[in-house]
Amino acid sequence: MTTEKDIAHVWDMVDDIGISMLVSREGEVMRSRPMAAYFDREEEMLYFLTDVASHKDEEIARDPHVTLAFADTSKQNYVSITGLAEISNDREKIRELWATPAKAWWDSPDDPSIRVLKITPQDAQYWDGPGTAVAYFKMAAAAFTSAKPELGESQKVNFKGH
């Protein structure tokens with residue numbers, strides 16, 4: 001059963017990692033690209049700024065199901081979030097989300113090609129690892145014994161109605 005602590009841990013990991021691989025469906029092909037994540041804990045929402053020319057709006061219109069993959073390989077921490085996406089032209093939200101990552105792609109929040117990609121998370125799976133050096137040590141030790149290595153905590157988290 002999902003607890004508030006589990007959900008808070010997912011948000012903490014998202015905050016710590018920051019960049020996500022956004023996976024959407026382009027016809028029969030799964031497509032992923034790195035994007036800077038913004039989130040609102042109280043709303044339980046994730047936001048991204050995207051460009052109308054990127055065709056994500058067309059992909060989302062055909063199939064709003066997406067996956068977000070966050071990875072911090074130095075700590076062996078991973079979060080995967082599935083959810084439903086929608087694209088909007090909410091200019092107030094664009095100005096609210098405007099930050100350094102966006103400045104790499106657009107000159108100002110008033111650029112008419114910017115859109116908001118809003119993700120309503122359905123569930124998440126996280127793996128909280130012991131760090132790379134410790135993980136390799138535990139795997140090496142397990143290779144010489146019959147024990148399985150303990151490589152951290154994994155938890156499935158459900159959003160909405162938890």
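Lys93 lies over the face of Tyr47, 4.1 Å from the ring centre. The model is predicted. The protein holds five helices and eight strands, and buried residues make up 36% of its 162 residues. From the N terminus on, the elements run α-β-β-β-β-α-β-β-α-α-β-α-β.

**Helix H1**

- Helix H1 spans residues 4-17 and has 14 residues.
- From first C-alpha to last, H1 reaches 20 Å, close to the 20 Å expected at 1.5 Å a residue.
- Which residues of H1 are buried? They are Asp6, Ile7, Val10, Trp11, Met13, Val14 and Ile17.

**Aromatic rings**

- How many aromatic pairs are there? The count comes to two, with ring centres required to lie within 6.5 Å.
- Trp11 and Phe39 have ring centres 5.3 Å apart and planes at 5 degrees, so this pair is stacked. The cut-off for stacked is under 30 degrees between planes.
- The Trp11 and Phe39 pair links distant parts of the chain. Trp11 is in helix H1, Phe39 is in strand S3 (residues 38-40), and the two are 28 residues apart.
- Is Trp11 buried or exposed? Trp11 counts as buried, because its relative accessibility is 1% and the cut-off for buried is under 20%.
- Phe39 has 24% relative accessibility, so Phe39 counts as partly exposed.
- Ring pairs join Trp11, Phe39 and Phe159 into a cluster.

**The largest pocket**

- The volume of the largest pocket is about 330 Å³.
- Its lining has 14 residues. Pro34, Met35, Leu49, Trp105 and Trp106 are the lining residues that lie nearest the centre of the pocket.
- Which elements give two or more residues to the lining of the largest pocket? They are strand S2 (29-36), strand S4 (45-51) and helix H4 (100-103).

**Helix H2 and Ile60**

- Ile60 is part of helix H2, which covers residues 56-62.
- The relative accessible area of Ile60 is 6%, so Ile60 is buried.
- Ile60 and Leu84 are 24 residues apart in sequence. In space, their C-alpha atoms are 8.7 Å apart.

- Most residues other than glycine have a negative phi.
- Glu44 has a positive phi of about 55 degrees, although it is not a glycine.
- Where does Glu44 lie? Glu44 is in the loop between S3 and S4.
- Glu44 is buried, because its relative accessible area is 9%.
- His55 is not a glycine, yet His55 has a positive phi of about 70 degrees.
- The loop between S4 and H2 holds His55.
- At a relative accessible area of 42%, His55 is partly exposed.

Definitions and conventions. Residues are numbered from 1 along each chain as its sequence is written. This is a predicted model: local features need pLDDT of at least 70, side-chain atom pairs count only at pLDDT 80 or more; totals for chains, interfaces and linings use all residues. Side-chain values use heavy atoms; hydrogens and water are left out. Helices (H or I, at least four residues) and strands (E, at least two) are DSSP runs, numbered from the N terminus. The expected span of a helix is 1.5 Å times one less than its number of residues. Buried means under 20% relative accessible area, exposed over 50%, partly exposed in between (1.4 Å probe, protein chains only). Rings of Phe, Tyr and Trp (its six-membered ring) pair if their centres lie within 6.5 Å; planes under 30 degrees apart count as stacked, over 60 as edge-to-face and the rest as tilted. A charge sits over a ring if NZ of Lys or CZ of Arg is within 6 Å of the ring centre and within 35 degrees of the ring normal. On a 1 Å grid over the protein atoms alone, a cavity is a set of points where a 1.4 Å probe fits but cannot get out, and a pocket is an open set with protein on both sides within 12 Å along at least five of seven lines; lining residues have an atom within 4 Å of a point. Grid points are joined across faces, edges and corners, and a volume is the space filled by probe spheres set on the points.
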